[in-house]
Amino acid sequence: SYIARSLGWSQAKLAASPAYLDRVGRPATPQDLARHDLLLVGRDAPGLTLRLTNAAGEVADVPVRPVLITNESVTVLRQAASGGGIALASTHYTARRLERNELEIVLPDWHRADDVELHVLYPRRATLDSKVRAFVDFLAELFTAWRTAP
C-alpha cells in the first residue's frame, strides 16, 4: 500500500580537500589510492577493497587502508574537508562542499562500481495530501539539480 518514486541514481565519487591533495599529492590512477588515507562510510568497509569503475567499463579493485570507517557520511565529509584524507561519498552529499571549494573530486573519471537508486516512499493514501505531493516534488527537483550540478 505504498508508492515508491525514483529520485535517480546516487553515484559515489572520491573527494578530498585541496590542502590534503597539495600536501600528499593527487592520485593519477585508482591504484595510487593505496598510498592515501581513506575515509569510508561503513557499507564500504568489508574487505577493505574498493571496486571502482569508469565510463569505459573498466573496473579497478583497489586495496585501501582507511584511517576512518563510520556509518555517518557527514563525519566522513567533515574529515575530508579538514584535510584528513580522501572520502568516498555520494555526489549528493559532496555537492555543496565542492561548490565552496572545500573539496575537489579525485580521479574524476572513476566512481564506486555499485551505484544506488534512491526512492522516496510514502503511503498510497498520502497521494491525496497536497503537502506530501509538494514535498515529493521538492525532493525530485532537488535531486535533479544535484545530478546536473558540475
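This is a predicted model: local features need pLDDT of at least 70, side-chain atom pairs count only at pLDDT 80 or more; totals for chains, interfaces and linings use all residues.
Biologist: How many residues of strand β3 are buried?
Modeller: Strand β3 covers residues 37-41. Buried means under 20% relative accessible area. By that cut-off β3 is mostly covered, and the buried count is four of its five residues.

Biologist: Which residue in β6 stands opposite valine 41?
Modeller: Strand β6 spans residues 65-70. It pairs with β3 in the parallel sense, over five bridges. Opposite valine 41 stands threonine 70.

Biologist: And which residue of β7 stands opposite leucine 39?
Modeller: β3 also pairs with strand β7, residues 86-90. The sense is parallel, over two bridges. Opposite leucine 39 stands alanine 87.

Biologist: What share of the contacts with a separation of 6 or more joins residues 24 or more positions apart?
Modeller: A contact here means heavy atoms within 4.5 Å. Among contacts with a separation of 6 or more, the share from residues 24 or more positions apart is 76%.

Biologist: What percentage of the chain's residues is buried?
Modeller: The chain has 150 residues. Its C-alpha atoms fill a box of roughly 55 × 30 × 30 Å along the principal axes. Buried residues make up 40%.

Biologist: How far apart lie the centres of the positive and negative side chains?
Modeller: The chain has 18 positive side chains and 17 negative ones. The centres of the two sets lie apart by 6 Å.

Methods
Residues are numbered from 1 along each chain as its sequence is written. Side-chain values use heavy atoms; hydrogens and water are left out. Buried means under 20% relative accessible area, exposed over 50%, partly exposed in between (1.4 Å probe, protein chains only). Two strands pair if DSSP finds at least two bridges between them. Lys and Arg count as positive and Asp and Glu as negative; His and the chain ends are not counted. The place of a charge is taken as NZ of Lys, CZ of Arg, CG of Asp or CD of Glu.
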